Amino acid sequence: MRFKNFDYVGASRYFYTFSIILTIVGAICLAALGLNYGVDFRSGSNVDITTSKQLTVEQLEPILKEAGIAEEASITPGNDRVNIRFSQVLTEPQDQALKAGIQKLDKDASFEVNTVDPEMAKELGQNAIYAVLLSCVGIIIYVSIRFEWRFAIAAIIALLHDAFVVISIFSIFRLEVNLTFIIAILTIIGYSINDTIVIFDRIRENLRFSKIKKYSDLVELVNKSLSQTIARSLYTALSVFIAAFFMLIMGGESIRMFSLAIVIGLLFGAYSSIFIASPLWLLLKGKNIAKPKAPKPSKSDI
């Protein structure tokens, strides 16, 4: 692939606009709807049932009513799997009544029950936030030491952009957020910073051997650095994307949201490293370089 003559800096304005619009929409959805927290971050019980035949909602509702837990239940049926999520922790009699009722419909049914109490849900939510924040702080320190503060600011804004876009999409489409989702966010941050560091390293290397006299020289340097690294960035992202995509369509239910978050994050992470992080560094660096001034009109022109 050849990308030598493409104006990445010029095209970045369109990606900035798209990202700003998506960020605003995501912030509105998060404020109005919040996230669809799974049982990991919300107290209650989550029952996964593996069946030998398909069970419908109409078959399951009478069993839940008989056990006195129908009002707290959310049923998600499948071909050979049923998920029932309860907003309250099931008691032992309720758990036994549920299992007995379903085994009357399918004697080969197997159950996996996950329960989280309110204190544990609160602690898991706090630890997830701390994990993301600490990873961002560590990245800022690392990039600042290896490069400079402008690179660090550009990198962290791009990373926060990637994470927030994934969170926004999960909020908009009401996709479930659980512990595997947090792992996916941290994985996305890792892949995104890897691409960003490769590009920044090339910018720094080219900067050493370039004579920057005006802003247009800096724009040319960034475009040149991106053209030299974009093929590597795209091939790396594509190889991981293919693996994550097939994991999404062929993997089990327990890792589906993880795979989906990785797929979305890889797409946005690839373009943010190219069209957001690097142009943002250019914006910060360009403030120290005199831009060409418009020539003053001569007396003869007046």
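I take a contact to mean heavy atoms within 4.5 Å. With that cut-off I looked at the protein chain, which is a predicted model.

**Entry: contacts**

**Entry: elements**

How many helices and strands does the protein chain have? I find eight helices and six strands.

**Entry: dimensions**

I looked up the radius of gyration of the protein chain and found 26 Å. A compact globule of 302 residues would have a value near 19 Å. Next I checked the C-alpha trace along its principal axes. Its spans are about 95 × 40 × 35 Å.

**Entry: surface and charge**

Of the 302 residues in the protein chain, 43% are buried. I noted an accessible surface of about 16,700 Å². Carbon and sulfur atoms hold 61% of that surface. I also looked at the charged side chains: 30 are positive and 27 are negative. The centres of these two sets lie 19 Å apart.

**Entry: helix α2**

I turned to helix α2, residues 57–67. Which residues of α2 are buried? They are L60, I63, L64 and A67. Seen down the axis of α2, these buried residues fall within an arc of 100°, so they line one face of the helix. On the other side of α2 I find E58, K65 and E66, which are exposed.

What do the buried residues of α2 pack against? I see two strands as partners, β3 (73–77) and β4 (81–86). Helix α3 (92–105) is a partner too. Just after α2 I stopped at G68. This glycine takes a positive phi of about 75°.

**Entry: G265**

My last stop was G265, in helix α8, which covers residues 256–286. Is G265 buried or exposed? Its relative accessible area is 2%. Buried means under 20%, so G265 counts as buried.

Which residues does G265 touch? Leaving out residues up to four places away in sequence, I find V166 and I188. I also checked G265 against F18. The two are 247 residues apart in sequence. In space, G265 and F18 are 16 Å apart, C-alpha to C-alpha.

Methods: Residues are numbered from 1 along each chain as its sequence is written. This is a predicted model: local features need pLDDT of at least 70, side-chain atom pairs count only at pLDDT 80 or more; totals for chains, interfaces and linings use all residues. Side-chain values use heavy atoms; hydrogens and water are left out. Helices (H or I, at least four residues) and strands (E, at least two) are DSSP runs, numbered from the N terminus. The radius of gyration is taken over C-alpha atoms; the globule rule is 2.2 Å times the number of residues to the power 0.38. Buried means under 20% relative accessible area, exposed over 50%, partly exposed in between (1.4 Å probe, protein chains only). Accessible areas come from the Shrake-Rupley method with a 1.4 Å probe; for residues, only the protein chains shown count as cover. Lys and Arg count as positive and Asp and Glu as negative; His and the chain ends are not counted. The place of a charge is taken as NZ of Lys, CZ of Arg, CG of Asp or CD of Glu. The arc is that of the directions from the helix axis to the C-beta atoms.
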